[in-house]
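Student: I have a model open and would like to learn how to read its features one at a time. Where do we start?

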Amino acid sequence: MAVRKTSKRLYLIPVLSKALDILELLQAENQPMTLESIHRQTRISKTTVYRVLKTFVHRGYLSQSPDGTYRQVTRPKKMRFGFGGQSADMPFSVEVTESLKDAAAAVGVDLLILDNRYDAATALRNAEEFVSSKVDLVIEFQVEQEVAPMIGDKIAGAKIPLIAIDIPHPHATYFGVDNYRVGIEAGETLGAYASANWDGKVDWVIGLDLAEAGQLVQSRITGAFEGVRSGHPELPVEVFVRIDGRGMRDRSKKLISDFLQRHPKDRHILIAAATDSSALGAVDAVREQKREKHVAIVGQDCIAEAMQEMRRDKSPLIGSVSHEASSYGPSLIHLGLSLLRGQTVPPYNYVAHKMVTRDSLSDN
C-alpha cells in the first residue's frame, strides 16, 4: 500500500524574505554597496532591491551616501524622539500632537510626549527630562522666547539634534509657518473686507499679539498691519494698535472688551489675531457688546472651533490662515530622520499655508 507523503506548509512572505536577504548581505559585507552589486549577489530584481533599500533607509536601518551606495546603520535600534507640546489646552497644539503621533507610528519611531503647559519653567524641566531619557532627537513646541536659549543649550550640550516649531531656538532647525507672510495675507483679507463693506473706512486696526513668543511670531502682526496698509495707504500710524493677548482666549476677550468700551462710537474696527484662540476671545467680546457690524476679525491656525464660528451667520470672524496642522507630523518626522542620517537640511523649513474665509468654506 502506497504511503501518502504530507508536505509541510511553510507560511513565508516572499518579499520579506528578500528584504532580509538584502539586509544580511549588507551585514556580511560590512561596507558600502551599490544597488547594482546587491542585485547581482542576491539575484533579486532591481525594482525590488530599490524599493527594499529605500524602505530600510526611511526606517533608519540603512543609510545612503551621496555617491548612491548603501550601508547598514551601526545603530539599528528603534529611534525615539522627544516632543514637547505647546499645551494640551491649546487646540492647535493638540492637532499638531495628533499629527505627529500618527506620522511616528507610520514609520516606527517611538515618541516621548511631554506637555509644556504654555509655561517656561515647565518647558525647561521637560527639556532636562528629554536629555536624561537620552532621546535621539527633540522636537520643541513652546511659546516663551526668553527660555529658548536655555533649552537650546541643554539639548545641544547633550549632542541631541533639535527642531523648534514656530519659535527659533539656538542650535535648532526651524520648522513652522512663514510668520510675516501669513500676517500679510490676514491683513490683506481685513483690508479687502473694509473696502467691500465699509466703503474703505477704518477707525482702528488692532493686532492681538503674542509678545513673549519673540519677534518672529510677532511678525504675524507686523505683516497684518502691512497687509492692511497695502489696500489703505492713507491710514495714519496712530490707528494701528498692538495689544498682547498672549494667544489666549480669556485674556483676549477682556482686552478687546475694554477697548470696545473705551470706543463706543467707532464702527470700523479691524482685528488681526496671532492665534485663533485670541481671535475667538475677540469674537466673544464683540458678541457680548453686540458690535458684530462694527468689527472684522482674522485669526491664525484654522482650528475646528474657528471654522465653526466662521460658518455662523454674521460672525465677525471673517477668516483664518490655515497652517495645515495635519502636515506637521509627516514633515517633522521626515526632517528629524534626515538630521539623524547626517543629511543637509535648510535652517528654516516652512510649512504650506492658505487663507480660509467664509466664502471659501461655503464653496467646499
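Tutor: Start with burial: a residue is buried under 20% relative accessible area, exposed over 50%, and partly exposed in between (1.4 Å probe, protein chains only). Asp209 has a relative accessible area of 3%, so it is buried. Before going on, note that this is a predicted model, in which local features need pLDDT of at least 70, side-chain atom pairs count only at pLDDT 80 or more, and totals for chains, interfaces and linings use all residues. Residues are numbered from 1 along each chain as its sequence is written, and side-chain values use heavy atoms, with hydrogens and water left out.

Student: Where is Asp209 found, and what does it touch?

Tutor: Helices (H or I, at least four residues) and strands (E, at least two) are DSSP runs, numbered from the N terminus. Asp209 is found in strand E8. Contact means heavy atoms within 4.5 Å. Leaving out residues up to four places away in sequence, the contacts of Asp209 include Gln218, Arg242, Asp244 and Ala274.

Student: Which side chain meets Asp209 in a salt bridge?

Tutor: A salt bridge is a side-chain nitrogen of Lys or Arg within 4 Å of a carboxyl oxygen of Asp or Glu. Arg242 meets Asp209 in one, at 2.5 Å, N to O. Arg242 lies in strand E9 and Asp209 in strand E8, so the pair ties together parts that are 33 residues apart in sequence. Arg242 is partly exposed, at 38% relative accessibility.

Student: How many salt bridges does the structure hold?

Tutor: The structure holds 17. Among them is the one between Asp110 and Lys78, at 3.3 Å, N to O. Asp110 lies in strand E4 and Lys78 in the loop between strand E2 (70-72) and strand E3 (80-85), so this pair ties together parts that are 32 residues apart in sequence. Asp110 is partly exposed at 35%, and Lys78 is partly exposed at 49%.

Student: Which residues are linked in a network of salt bridges?

Tutor: Arg287, Glu292, Glu309 and Arg312 are. Within that group, Arg312 bridges to Glu309, with the closest N and O atoms 4.0 Å apart. Arg312 is partly exposed at 44% relative accessible area, whereas Glu309 is buried at 8%.

Student: How do I read the sheet? What is the order of its strands?

Tutor: Two strands pair if DSSP finds at least two bridges between them. Here six strands form an open sheet in the order E9-E8-E10-E11-E12-E14, with mixed pairing. The edge strands are E9 (240-244) and E14 (354-357), each of which pairs on one side only. From one strand to the next, the twist averages 20°. Strand E12 (residues 317-322) runs antiparallel to E14, and four bridges join them. Val321 stands opposite Met355 in E14.

Student: Which helix lies across strands of that sheet?

Tutor: For angles, axes are lines fitted to C-alpha atoms, for helices over the stretch in contact, and the values run from 0 to 180 degrees between N-to-C directions. Helix H10 (residues 276-288) lies across E8 (204-209), E10 (269-273), E11 (295-301) and E12, and runs at about 155° to E11.

Student: Is His323 buried or exposed?

Tutor: His323 is buried, at 0% relative accessibility. The residue sits in the loop between E12 and helix H12 (328-340). Not counting residues up to four places away in sequence, His323 touches residues including Phe92, Arg220, Asp301 and Ala352.

Student: And backbone angles: which residues other than glycine have a positive phi?

Tutor: Most residues other than glycine have a negative phi. Asp301 has a positive phi of about 120° although it is not a glycine. Asp301 is in strand E11, and is buried at 8% relative accessible area. Tyr118 has a positive phi near 55°. Tyr118 is in the loop between strand E4 (110-115) and helix H5 (120-132), and counts as buried at 11% relative accessibility.
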